[in-house]
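Reader: Before we start, could you take me through the labels used for this structure and show what each of them rests on?

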Amino acid sequence: MDHRCQFGALDRRDFLTVVGVGLLASLGACSTGGSSPGPAAATDPKLPETTTTAPPPALPPIPAAQPGKAVVVSAAPAPTSQVALTVDDGYCGECVTGYVDFAERTGIHLTFLPNGTYDKFWAPHSGRLRPLIAAGQVQVANHTWSHKDVTKLGDAAIRDEIERNDGWIEKTFGITGRPYFRPPYGTHNARTDQLAASLGYTRILLWNGTLGDATLETPEELLALADMWIQAGAIVLGHANHPTVLGLFGQLQQIIAKRSLQPVTLDMMFGSSRATG
């Protein structure tokens, strides 16, 4: 609301009367040095109330990596009403902004898996995302720095793709992406899995549902896939790459609500924690 327009409901004659009374009251206060508000200010219910906003929760210290055995995950570990909405890449600046707005506006839980090569689209939103991350509403996981097929890379190159992106995640969002690593295109093998696990990325993240928006699609195509795959226990793959989804957030929420699903981050679904790495 624009508080410069407090008299929007008055007609012109009433407005002039109020102005005159207010002017006389203010002159009287000035002449006596008084600082207390006049009658209108004391009783006007339109005046904004003073509120105290609590500071956002602090991000935990970034823990050391905890190497271990690689475990491939693609769905909730047990029957549940939870659904994990995951959003990859981010080479569409408008789409990244739209998803951040969506999270802020609705409080929906999301897991982002950005590539650091698209820093120019993600970094401007780090100040908005950090409080959501600290509150546990948003999570960030690792999807490599430049979205290369890791099965076609040597060991050193795979380590560089993962470590470089993790360093960028820490710098940009103040948190580690461990232990979740999603290999680009979903292509992986025992070698790539164990290399990731040796860096603390012990959960190799795949999916069992998709919005199909790695490439451009129509709203009808995206909604049909959402209706098919947004189900209890699903890890749903989406992308911040094409603007089609921007006009469909309301419909996606309707699907979730109709099925009484609970959107969660990966940490919530699997009981993991950014604080332990």
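Reader: Where does Tyr185 lie, and what makes it count as exposed?
Author: In this predicted model, Tyr185 is found in the loop between β5 and α7. Its relative accessibility is 54%, and since exposed means over 50%, Tyr185 counts as exposed.

Reader: Which value describes the phi of Thr144, and is Thr144 buried or exposed?
Author: Thr144, which is not a glycine either, has a positive phi of about 75°, and its place is in the loop between β4 (138-140) and α6. The relative accessible area of Thr144 is 0%, and because buried means under 20%, Thr144 is called buried.

Reader: What kind of peptide bond joins Arg178 and Pro179, and where is Pro179?
Author: The bond that joins Arg178 and Pro179 is a cis peptide bond, with omega at about 5°, and Pro179 sits in the loop between α6 and β5 (180-181). In general, most peptide bonds are trans.

Reader: Which residues make the contact between α6 and α7?
Author: From α6 the contact is made by Asp155, Ile158, Arg159 and Ile162, and from α7 by Arg191, Thr192, Leu195 and Ala196. Sorted by class, the contact of α6 with α7 has 4 nonpolar, 1 polar and 3 charged residues.

Reader: How do you know that a disulfide joins Cys92 to Cys95?
Author: The S to S distance between Cys92 and Cys95 is 2.3 Å, and because a disulfide requires the sulfur atoms to be within 2.5 Å, the pair qualifies; the structure holds 1 disulfide.

Reader: What makes this disulfide right-handed, and why is Cys92 counted as buried?
Author: The torsion about the S-S bond of Cys92 and Cys95 is about 70°, and therefore the disulfide is right-handed. Cys92 has 11% relative accessibility and Cys95 has a relative accessible area of 0%; buried means under 20%, so Cys92 counts as buried, and Cys95 is buried as well.

Terms used: Residues are numbered from 1 along each chain as its sequence is written. This is a predicted model: local features need pLDDT of at least 70, side-chain atom pairs count only at pLDDT 80 or more; totals for chains, interfaces and linings use all residues. Side-chain values use heavy atoms; hydrogens and water are left out. Buried means under 20% relative accessible area, exposed over 50%, partly exposed in between (1.4 Å probe, protein chains only). Contact means heavy atoms within 4.5 Å. Helices (H or I, at least four residues) and strands (E, at least two) are DSSP runs, numbered from the N terminus. Ala, Val, Leu, Ile, Met, Phe, Trp, Tyr, Cys and Pro count as nonpolar, Asp, Glu, Lys and Arg as charged, and the others, Gly among them, as polar.
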